[in-house]
Amino acid sequence: MTTGYDVQALRAREYPWEARGDAIHLDHASIGVVPQRSREALAAYNDKRAEMHAMRAEDFFPRLDRARALAAQLIGASPEEIALTTSTSWGINLAAYALPLGPGDLVLGSDGEFPANVYPWMSASKVRGFTYELVPMIGRTVDQAAILQRIATDPRVKGVALSWVSFWTGEKIDLDAIGAACRARGIWFAVDAIQGLGPCVLDLSRTPVDLISFGAQKWLCSPWGAAFAYVRRELIAQMKPPAAGWLSQASAGDFNRFLDYDPAWRSDAQRFEVGSLPIQDFVGMNATLELFLELGTANIERHVATLVERVIAGLATRPDVEIYTPRDPARRAAIVAVRTPDVAADSQRLRAANIVHAVREGAIRLAPHFHNTADDIDRALSLLV
Ligand SMILES: Cc1ncc(COP(=O)(O)O)c(C=O)c1O
């Protein structure tokens with residue numbers, strides 16, 4: 001099956017250490033690997049930063065403008081709907097503390113969520129007086145039917161907060177169905193999408209979500225510190241920012257009027273940005289997002305799906321292996337979690353062969369991406385004996 005790009009040529013250019021055979025990175029669900037072009041962009045920017053006189057006006061705010069524009073393009077949004085942040089957690093806290101919610105309201109989450117998408121809701125519910133409830137899973141599966149049922153029938157439900165893709169099973173929830181149900185009832189839908197965007201296409205021009213948080217350090221193969229949140233345009237004015245700073249105000253960026261304190265918030269999602277951001281990290285992210293857009297997000301999605309299918313097909317006939325990841329291709333992303341008879345020994349064998357992976361919740365987690373090949377997968381499978 002053609003993937004729309006030449007993965008060997010891409011790898012030779014962007015991941016020379018992998019082309020040399022130094023290691024195989026199958027752990028994007030923990031930390032992504034920064035492509036060569038982003039590494040170079042980051043190094044060049046840091047070099048300039050160390051000799052400040054070399055920097056020009058375009059090296060400051062315009063780099064961040066570019067980051068908002070690229071992030072928006074990647075997800076089918078507009079740059080005015082993007083707030084740059086420094087972690088996924090920041091955007092989740094933004095949702096928990098600033099979505100219009102209060103006493104008497106109920107926010108639904110799910111058991112099995114990564115804690116980054118639980119603690120902010122627990123904490124904000126106490127401060128703001130709403131109730132936060134985790135819907136039990138069915139085995140290892142998010143009970144989407146129960147969540148849809150509650151949205152339709154429980155008048156207290158005013159918000160739903162879920163991860164797009166599970167960090168430990170790789171299950172991908174149906175954003176369209178849950179988003180449409182929320183929109184029909186005027187309920188807020190907040191999503192942690194760090195484990196989905198990159199290997200999966202997201203088009204917010206047709207998927208109804210109110211607020212999404214993305215860290216770029218995993219599947220967007222960018223430096224730590226680069227992250228962003230999408231806030232639906234109509235919602236921006238309804239959300240009072242939980243924090244204020246010189247860049248959240250309408251006067252932001254006017255270097256001639258610092259002392260004319262003006263309490264008016266910015267009208268776009270930048271009202272949720274507070275102060276100086278790690279520009280170098282966004283320079284790195286910009287280079288990677290340009291690469292993704294060049295390759296085509298649908299091509300990447302197709303390529304990764306074949307790798308994931310290869311892992312599953314390679315293990316499906318083994319009665320001693322339990323696959324935590326859904327078999328339905330529509331319900332999975334790029335994480336495959338498998339419980340082998342001896343996870344510790346298998347993990348050790350993978351590590352000894354420099355195959356980077358993770359062990360989560362008792363299973364080996366393989367997380368291939370756009371630069372991995374079928375041979376990488378076969379090599380990993382051959383070690384899961
Ligand atoms: C679902 C999910 N959300 C959030 C995070 C990390 O959040 P942050 O970017 O704030 O470190 C992870 C990392 O493992 C994750 O799996």
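Both faces of strand β6 are covered in this predicted model: Trp188, Ala190 and Asp192 on one side, and Phe189 and Val191 on the other, are all buried. Counted along the strand, which spans residues 188–192, five of its five residues are buried.

On one flank, β6 is joined by five bridges to strand β5 (residues 157–163), and the two run parallel. Within this pairing, alanine 161 has alanine 190 of β6 as its bridge partner.

The loop between α8 and β6 contains glycine 186. Is glycine 186 buried or exposed? Glycine 186 is exposed, because 7 other C-beta atoms lie within 10 Å, and a residue counts as exposed at 12 or fewer. Its C-alpha atom is separated by 41 Å from that of asparagine 372, a residue 186 positions away along the chain.

An antiparallel sheet is found elsewhere in the model, an open one built of four strands in the order β9-β10-β13-β12. Its edge strands are β9 (322–323) and β12 (358–360), each of which pairs on one side only. Between β12 and strand β13 (residues 363–366) there are three antiparallel bridges, and the bridge partner of alanine 358 in β13 is arginine 365.

| Strand pair | Bridges | Direction |
|---|---|---|
| β5 (157–163) and β6 | five bridges | parallel |
| β12 and β13 (363–366) | three bridges | antiparallel |

At the level of domains, the protein chain is divided into domain 1 (7–33 + 297–383) and domain 2 (52–293), whose C-alpha centres lie 28 Å apart. Contact between them involves 25 residues of domain 1 and 23 residues of domain 2. On the domain 1 side, the elements that contribute two or more residues are α11 (297–315) and β10 (336–339), and α11 gives the most, with five residues. By class, the residues on that side comprise 13 nonpolar, six polar and six charged.

Glutamine 280 belongs to helix α10 (residues 279–295). This residue counts as buried because it has 21 C-beta neighbours inside 10 Å, where 20 or more are required. Leaving aside residues up to four places away in sequence, glutamine 280 touches Leu42, Tyr45, Asn46 and Arg49. The C-alpha atom of glutamine 280 is separated by 8.6 Å from that of proline 223, which is 57 residues away along the chain.

Terms used:
Residues are numbered from 1 along each chain as its sequence is written. This is a predicted model: local features need pLDDT of at least 70, side-chain atom pairs count only at pLDDT 80 or more; totals for chains, interfaces and linings use all residues. Two residues are in contact if their C-beta atoms, placed from the backbone, lie within 7 Å. Two strands pair if DSSP finds at least two bridges between them. Domain bounds come from an automatic or database domain assignment. Ala, Val, Leu, Ile, Met, Phe, Trp, Tyr, Cys and Pro count as nonpolar, Asp, Glu, Lys and Arg as charged, and the others, Gly among them, as polar.
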